[in-house]
Amino acid sequence: MNIGEAAKASGVSAKMIRHYESVGLFPEAARTEAGYRQYSDKEVSTLRFIRQSRDLGFSIEQIRELLGLWLDRKRPSRQVRALAQAHIQELDEKLKELQAMKATLEHLVRCCHGDDRPDCPIIETLAGGTSVPLPAATGKAMGLRPGRHASKLG
């Protein structure tokens, strides 16, 4: 099948298939005499594996490792489990960061009057990079640092 058909069958866009080929995650497809990419059912299965791995938030390098484990029929499942557990820890950290960003933004929204006056703590915080005290429940301040998302609590 051609790249459009492989994209439709796998749920991975043609652009992403080409990207996965360019970064070496997916082998370059065989080509017809006219230069068109051709994909087999096995390659479409690999693309589905990659898509499902991406849907779970695995990085390209993690997917590369997962693909190697998938292809190694003699692999111990503990290796796959360890990789998945490490990813869960990464997701937990990202979740904490997102929750901290959300708490800071909710606090700033509560502090903003949202009326016709020009003063706005949201804009002032973004412009000045000053720490904003969070609600008493956390007892800590949240600062916004240049070039980064809202920092972790602390």
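Helix H4 gives the largest share of the lining of the largest pocket, 5 residues. The model is predicted, so-called local features need pLDDT of at least 70, side-chain atom pairs count only at pLDDT 80 or more, and totals for chains, interfaces and linings use all residues. Residues are numbered from 1 along each chain as its sequence is written, and side-chain values use heavy atoms, with hydrogens and water left out.

A pocket is an open set of points on a 1 Å grid over the protein atoms alone, where a 1.4 Å probe fits, with protein on both sides within 12 Å along at least five of seven lines; lining residues have an atom within 4 Å of a point. The volume here is about 210 Å³. Helix H3 (41–55) and helix H4 (60–71) each supply at least two lining residues; helices are DSSP runs (H or I, at least four residues) numbered from the N terminus. Among the lining residues are Phe 26, Thr 46, Leu 67 and Trp 70.

Thr 46 belongs to helix H3. Its relative accessible area is 13%, so Thr 46 is buried (under 20%, with a 1.4 Å probe and protein chains only). Beyond its neighbours within four places in sequence, Thr 46 is in contact (heavy atoms within 4.5 Å) with Phe 26, Leu 67 and Trp 70.

The largest nonpolar core has 19 residues, and Ile 17, Phe 26, Tyr 39 and Ile 50 have the most contacts inside it. Such a core joins buried Ala, Val, Leu, Ile, Met, Phe, Trp, Tyr and Cys residues through side-chain atoms within 4.5 Å. Helix H3 gives the largest share of this core, 4 residues.

Notes: Points joined across faces, edges and corners; volume = space filled by probe spheres on them. Buried < 20%, exposed > 50% of the residue type's maximum accessible area, 1.4 Å probe, protein only.
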